[in-house]
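Hello,

Here is the structure I promised you. Please open it, then read the notes below.

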Amino acid sequence: MEHLKDSIQGSLNHSIGKFILWKYENYLISGGKNHDVKAGYMPIRFEQIESPELEHIAPQTAPSDHPENDGYDVYDDEFVNQYIDCLGNYLLLSKSHN
C-alpha cells in the first residue's frame with residue numbers, strides 16, 4: 001500500500017505505473033464491471049501493447065515564458081515537487097504513438 005501511495009504522490013516506479021494504468025484502462029473499457037464490455041472496446045492484454053511507455057501529460061520541461069502559447073501555466077515548486085512525476089500526470093502509450 002505504501003508503494004501505491006508513493007506512486008500517487010510523485011515517487012513513481014515506471015514498471016508499476018505502466019501496470020496500474022493498463023489495469024485502469026481495462027477497468028474503464030469494462031464500464032467498471034468484470035463481465036460487461038462496452039460495444040467496440042475489448043480489454044487488452046499487457047503483452048499486446050507494443051513497447052509500452054509512460055508519457056507525461058504536463059511536460060517535465062517547464063513551459064516557456066509565454067504560457068499562453070503552450071497551454072500550461074508557470075510551474076511552481078509545489079507542482080514540480082509533488083505532481084510532475086505522480087501517477088496522475090502520466091499516460092500509457094505504445095512507443096509508436098509517443
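Asn 26 counts as buried, because its relative accessibility is 13% and buried means under 20% relative accessible area (exposed is over 50%, partly exposed is in between; 1.4 Å probe, protein chains only). Asn 26 sits in helix H2. Leaving aside neighbours within four places in sequence, Asn 26 is in contact with Pro 43 and Ile 44. Contact means heavy atoms within 4.5 Å.

Some ground rules. This is a predicted model: local features need pLDDT of at least 70, side-chain atom pairs count only at pLDDT 80 or more, and totals for chains, interfaces and linings use all residues. Residues are numbered from 1 along each chain as its sequence is written, and side-chain values use heavy atoms, with hydrogens and water left out.

Now the whole chain. It has four helices and two strands. Both kinds of element are DSSP runs, numbered from the N terminus: helices are H or I with at least four residues, strands are E with at least two. Along the sequence the pattern reads α-α-β-α-α-β. The chain has 98 residues, and 23% of them count as buried. Take the contacts in the chain with a separation of 6 or more: 66% of them are between residues 24 or more positions apart. The chain exposes about 7400 Å², and carbon and sulfur atoms supply 52% of that. Accessible areas come from the Shrake-Rupley method with a 1.4 Å probe; for residues, only the protein chains shown count as cover.

Next, look at His 56. It is found in strand S1, residues 52-56. Is His 56 buried or exposed? His 56 counts as buried, because its relative accessibility is 14%. Its side chain has a polar contact of 2.9 Å with the side chain of Asp 85. Another polar contact, of 3.1 Å, joins the side chains of His 56 and Tyr 90. A polar contact is a pair of N or O atoms within 3.5 Å; within protein, one must be able to donate a hydrogen and the other to accept it, and residues adjacent in sequence count only if both atoms are side-chain atoms. Beyond four places in sequence, the contacts of His 56 are Ile 84, Asp 85, Asn 89 and Tyr 90.

Which residues make up the largest nonpolar core? They are Leu 12, Leu 21, Leu 54, Leu 87 and Tyr 90, five residues in all. A nonpolar core is a set of buried Ala, Val, Leu, Ile, Met, Phe, Trp, Tyr and Cys residues joined through side-chain atoms within 4.5 Å. In soluble globular proteins, nonpolar side chains tend to be buried together.

The salt bridge count comes to one. Arg 45 forms a salt bridge with Glu 47, and the closest N and O atoms are 3.0 Å apart. The rule is a side-chain nitrogen of Lys or Arg within 4 Å of a carboxyl oxygen of Asp or Glu. Both Arg 45 and Glu 47 are exposed. Ser 51 has a positive phi of about 50 degrees, although it is not a glycine. Ser 51 is in the loop between H2 and S1. It is partly exposed, with a relative accessible area of 40%.

Best wishes
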